[in-house]
Amino acid sequence: MSKPYTTIIGLEVHVQLATKSKLFCRCSTQFGAEPNTQTCPVCIGLPGTLPVMNREAYELSLKTALAINCEIPAFTKWDRKQYYYPDLPKGYQISQYDLPMSSNGYLEISDDKGAFEPKRVRITRAHLEEDAGKSVHDEVAGKADSEIDLNRTGTPLLEIVSEPDMRSSGEAKAFLQELKLLLMHIAVSDCNMQEGSLRVDANVNLHIDTPQGKIATPIVEIKNMNSFRAVERALDYEVERQYREWQETGKKIGDAPKQTRGWDDVAGVTRGQRSKEESSDYRYFPDPDLVPVVVTKEQIEAVRNSLGELPADLRKRFTEQLGLSAYDANVIVNQGRALIEYFEESAQKCGDPKAACNWITQDILRYLKDNEQTIAEFPISAATLGGMISAINDGQLPKPRAKDAFEIMRSENLSVAEAIKKLGIEQVDESAIEDLCRDLLTKNPKIVADVRGGKAQAVSSLIGQAKKLNPNIDPGRFREICLVLIESGKV
Amino acid sequence: MSLVETSATEQLERLASGDITAVELTQAYLDRIAAIDGKVGAFLRVESDAALSQAADVDARRKAGKPLGKLAGLPVAVKDVLCDQSTLTTCGSRMLENFRAPYDSTVVANLKAADAVLIGRTNMDEFAMGGSTENSAFQLTRNPWDLERSPGGSSGGAAACVAAEMAPLSIGTDTGGSIRQPAGLCGVVGLKPTYGRVSRYGLVAFASSLDQAGPLARTTQDAALLLETIAGHEPRDSTSLDKAVPEFSKTVTQPLKGLKIGLACEHFAAGLDPEVEQAVREAVKVYELFGATVKEVSLPNSKYAVATYYVIAPCEASSNLARYDGVHYGHRTDEKAMLADLAMERKSLEAAGDQVALRRLDSSLVRMYRRSRSEGFGAEVKRRIMLGAYALSAGYYDAYYLKALKVRRLIRQDFDAAFAGVDLILSPVTAQTAFKIGEMVDDPLAMYLVDLYTVSANLAGLPGISLPCGFSKAGLPIGLQLMAPPLAEESLLRAAYMYENATDWHKRRPKI
Amino acid sequence: MAITRADVENVALLARLQLSDSELDRLAGELANIVDYVDQLAEVDTTGVEPMAHAVEVHNVFADDVVEPSLSREAALSNAPRHNDRGYLVPPVLGE
Ligand SMILES: [Mg+2]
Ligand SMILES: [Zn+2]
C-alpha cells in the first residue's frame, strides 16, 4: 500500500428472498416466465387494491438480519418511497425509511492468502422492501419505445447497507463472498446474480494524503455490476479514475454532488449516468395500507436459535475442535452447506477429521472441479469415504493401495470391501513377510554385509523385488523385519 | 303507496312472500329513474339490462326453491368508486373514464353474494374529493329537495338516488363526511362504519387511513340491513377488522335503556345555523322523553380537526393518485401531439440559446406523465395532489404531516375521554342546510369547512350516522349526527331507530 | 408561510402535473390560504404525543406464502393505453 491515498468503500446489496409468492400479493416469484404473466391487480397497482405482508418474507428477513448480527427493534413499519418510473406501477415503492426492521450488524471477513487483515465490516441496516418491474429499452439510441414487464414487481427484497468500512476491491469482494455464503447457508436466497437475486451497488471515494492534510474525493455510486469479478474490476477502475480526476481537477467532496456511474463490463469502464433532476425528494411517509410489525424478545431468540451453526462458527469449530488448519477449514466451509455436511459425516464415521479433510480437499474437490460436478453427484458417499479411511487406519487397506481403491470405488461405485476384494488385497501375515525377507536376504549376502557394515538403508534396494513378489506388502514393515533378522543373526 | 316508496325491509318481505317479483321491483325503480333522473342526475350509468337479468335470475331461483342471499332481488345503487368487474369504475374522473377493473371490490362481491340487484353506478366528486358532487368530471347531481341546490358530496349521487326513490338502498364512501353530509343534506339515513368494519379492498383510495364505505337508505332498519351485508373481515385488506358482524337488522328495533348522550359544546358554536341548531336541540328533547340522560362533553381539539384532515387527506391522496400516470391504465395524452409540442419547445429554447431551460426541459416520458395527469384530473384533485406533495416534500414533513398525525391522536383521545362518560355523542351533521350549486366553487377553504362536524369521526376511526331531524323554513332537510365508540354500530343504529320511530321526518318525500 | 410560484412549479414537477401559468398563479394563492389555515396546528402542544398513522391501530397482519393464479396477460394488459400484447409501451425511459 504505497499509494498516496486510502480507498473508502461501502456496499448496498439487494437480495431477493426465497419466497414462493410476492411480498404483498400471491403471484409467483418464479424467474424467467413470459413477460406480464405473473401479475395481478395488486402488483399492477390497480385502483382499489391493497397489500398484505407475506409472512415468510418477513421471517426470512428476520433470519438474515440475525445472521448478520443486526439488532431487531420491537417495532417496525413500512413507508412509501415516492418516485415516477414506468416499472413502478403505484408511483411509489413500499420500503422502510426511519424504522427499519434491523440495524447495527456486522460481518467478519478475512483472506486465506493474507491479502488483508481479518476485519469486521459494520452493517448499517437491513430492511424489507418490494422490487420494481423491468423496462426493456434501446440503451444506445434511446429512441424506440420502452417495454414494461411487471413480473418482478413486488418480489421481496432485503436491502443490506454496509458502513464504508472496506479499503480495497479485494475486501469488497470478500464481503460479498462471505455474505453470499451466509445467505445460501441459511437458505434465505439463491443469490443468483444472473437472475438478479443478488444486486450490488458500491459507494467509493478516496482519502488522499496531501501536504495540506487528508482530502476526500467526491463519492461515486457504481451500478450495473453483474458479478463479483465485475465489482472488483469496477472498483479498481473507479479508484484509478478518481485519483486521476483529482490530480487533474482537484475536485473535493462537496465540490460536486454524489454522482452515479454505470459499469460497462465489456469496455471495462464506469460511465456517468444522467441524474434524475428532482429524484432526491422521495416524500417518504408511513404506508396507511400496511400495519406495523411488533416482535418480542422471545420470538427473536427463537429465530436466532433456529439458525444453527453459521459459517464463522463452523470454521471456529473445525479448527479448534477437529484440529483442521485455518486454511483447510476455510476451503471446506466456503464450499457451502452440502460439502460441509459431507465432511462432517465422513469425519464422524472414521473419527479422523484430518484424514477426511485431506481426501476431500485433495482428491474429491479436484475431481469435482475437473468434472464440473457437485458433491451431491459424487459417487462415493460420505459414509463410504469414512469407511475407507477407517479401513486404512486399521490396516485392512494398505496405504499404498488406498488411491487405487478410491479410484475404483468412484469409477465402479464399489464399497470398500468390494474394492479391497477386487484389487486382490488381503492382509499379509508376519510369517509370510519374514519368509520373504529371509529368502531375499539369503539371495543377497552383499546387502546383509552392507547393513552389518552400518548402511541400514541398503535394505531399501530389496523393496522393489519384494513388492514384485507380493504387491500387498508394507515396505516399512518389510524393512523392519529384514533389519531384525540381520541383527539377530538369523540370516 | 307505490312500490318505490316502501322501505327495503318491507320490499324484502314482499319478495319473500311472492307478493312481488324482483323483476317487478327492479322495473319499478328503472321506470322511476327514467322518469326523474334527467332532473336529478344521480346516476352515471344505469345498468338496466344487467339488473333485469339479475332480477330474473333471482325470481327463477326463488321459484325453484333454491337458496337465496340476504338481499335477494333488492335493487342497490353503488357509488362509482367501488370496483365491479361487470361495469366501469370511473371515480367521476376523466382519468378512469374507460377503466374496467378485472376484479370485484369486497363490498360489491358481498352484494353479489347476497343476490342484490346492482341497478346502477352513482355520481360523485372526482375521486371522492369534494362535498358537493360538483367535482364530477361527467355531470352535476342536484338535490331532490331543491334542484338548484347541491346534494352534498362526495356521495351526492348515492344520497340523491335514495332521497328521490330511484333506489331503496345505496352504497357510499366517507373520508371526511362524504356519506353523512349528503345524507343530511338530502334527508336520508347514512352511516359511516368504524374504520375497518367494511373492507376497503376494491374501494379506489382517496385517503387510505380515513376512507370507509357504508350504507345510505331511507330508514335506519334498511341501513342496518345493508351494513350487515357489506361488513366483515377481508384477508386481502390488512386494515380490515377481524371482528364478528352482529345482525344489526334484527336488533335495530330494540330500544336502549339508560342511554347516556353527550353534547359537545364545540359542535354548537358560532357559525351554526339557528334553524339547524333548533332542530338538533329538539331531537335531544326526544331522547330525553325516552329517559336518556344528556350531558355536556368537551372535545377540545375538535377545532383542529379540519386542519388536521386537510393535511393528512391530501398527503395520502397525493400518494394514492400517483399511480394514475397513463402507463398501465387510465388516461394517456395524445403522444404524437405531445412529442410535437416538446420538439417545438426545444427548438425555440435552442433558438433563444436558453441552456438552463433546455436542461430543465422534460424528457418525453416525464412530459407524457405530466400531460396525461393534467388532462385526466380536475381542478380540485390537482389542488389536493399539490397540497399533499407540498406537505410531504423535503423540509415540511415534520411541520405538517407528522404534526397532523400527533394532533390526530389528541382528537382520538378527546373522544376516548368523552365516551368514558357517555354512550353516544350527538351533533348536527353540517352547520348549514344544502347550499346552492356553484355557491362555493371559488372558495375551496369554505368548502372544506363544511366538514367541520364530520371529519373527527374519520380521524378517530369512529362510526357515525346521519338521520333526518327536521326541515328548514325553505323546506331543506336537516341532519342529526350520532357518533359512537369503535365497533358500537349496533347501539348507534338502535339509538337512531328510537328517534326515527318517534318522528316522521324520514317519511317526507321531495316533490320532483 | 408564503408559497412562491417557484415552490408551486417544483411541486408540480414532483407531482408530475403540467400547469398553465394561470393555474400556477391561482394555485400559489389557494395553497397559501390553505397552508395558512393548517398552520394553526403549530399552536397545539404535541410534546410526547405519538403520531397516529392509522385510524385503528392493529399490527402483525400477514398472509401465507402460497402461490395463487395470476391474471392472464390479456387481462393484465386490458386497460393499458398502449401495449404490444407482451408488455406496456411507453416513450423511451432513457435518452434525451
Ligand atoms: Mg432499495
Ligand atoms: Zn400480484
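Glu165(B) follows helix α5(B), and its phi is positive, near 60°. Helices (H or I, at least four residues) and strands (E, at least two) are DSSP runs, numbered from the N terminus. The model is predicted: local features need pLDDT of at least 70, side-chain atom pairs count only at pLDDT 80 or more, and totals for chains, interfaces and linings use all residues. Residues are numbered from 1 along each chain as its sequence is written, chains are lettered from A and ligands numbered from 1 in the order in which they are written, and side-chain values use heavy atoms, with hydrogens and water left out.

Stay with helix α5 of chain B, residues 156-163. Buried means under 20% relative accessible area, exposed means over 50%, and partly exposed lies in between (1.4 Å probe, protein chains only). Among the buried residues are Gly156(B), Cys161(B) and Val162(B).

Now take chain B as a whole. It holds 18 helices and 11 strands. Its radius of gyration is 23 Å, close to the 24 Å that the globule rule gives for 512 residues, so chain B is as compact as a globular protein of that length. The radius is taken over C-alpha atoms, and the globule rule is 2.2 Å times the number of residues to the power 0.38. The C-alpha trace of chain B spans about 80 × 55 × 45 Å along its principal axes. Of the 512 residues, 68% are buried.

Charges come next. Chain B has 56 positive and 60 negative side chains, with the centres of the two sets 3 Å apart. Lys and Arg count as positive, Asp and Glu as negative; His and the chain ends are not counted. Each charge is placed at NZ of Lys, CZ of Arg, CG of Asp or CD of Glu.

Chain C gives another picture. It has 3 helices and 2 strands. From the N terminus on, they run α-α-β-α-β. The radius of gyration of chain C is 22 Å, well over the 12 Å that the globule rule gives for 96 residues, so chain C is more spread out than a compact globule. Its C-alpha trace spans about 55 × 45 × 25 Å along the principal axes. Buried residues make up 46% of the 96. Of the contacts in chain C with a separation of 6 or more, 23% are between residues 24 or more positions apart. The chain carries 6 positive and 18 negative charges, whose mean positions are 17 Å apart.

One residue of chain C deserves a stop. Ala28(C) sits in helix α2, residues 21-38. Its relative accessibility is 13%, which counts as buried. Apart from neighbours within four places in sequence, Ala28(C) is in contact with Ile3(C) and Val8(C).

Where do chains B and C touch? Look at Arg408(B), in helix α15 (residues 398-419) of chain B. Leaving out residues up to four places away in sequence, Arg408(B) touches residues including Ser209(B), Asn458(B), Met52(C) and His54(C). Arg408(B) is buried yet has no salt bridge; the nearest side chain of opposite charge, Glu316(B), is 4.7 Å away.

Side chains of opposite charge can pair when their charged atoms come close. A salt bridge is a side-chain nitrogen of Lys or Arg within 4 Å of a carboxyl oxygen of Asp or Glu. Over all chains, the count comes to 80 salt bridges.

In chain A, Asp289(A) and Arg80(A) form one, with the closest N and O atoms 2.9 Å apart. Asp289(A) lies in the loop between β16 (285-286) and β17 (293-294), and Arg80(A) in strand β4 (residues 79-82), so the pair ties together parts that are 209 residues apart in sequence. Asp289(A) is buried, at 3% relative accessible area. Arg80(A) is buried too, at 0%.

Arg304(A) and Glu301(A) form a salt bridge at 3.1 Å, N to O. They are 3 residues apart in helix α4 (residues 297-306) of chain A, about one helical turn. Arg304(A) is partly exposed at 36%, and Glu301(A) is partly exposed at 34%. Elsewhere, salt bridges that share partners join Glu380(B), Arg383(B), Arg384(B), Arg26(C) and Glu30(C) into one network.

Methods:
Contact means heavy atoms within 4.5 Å.
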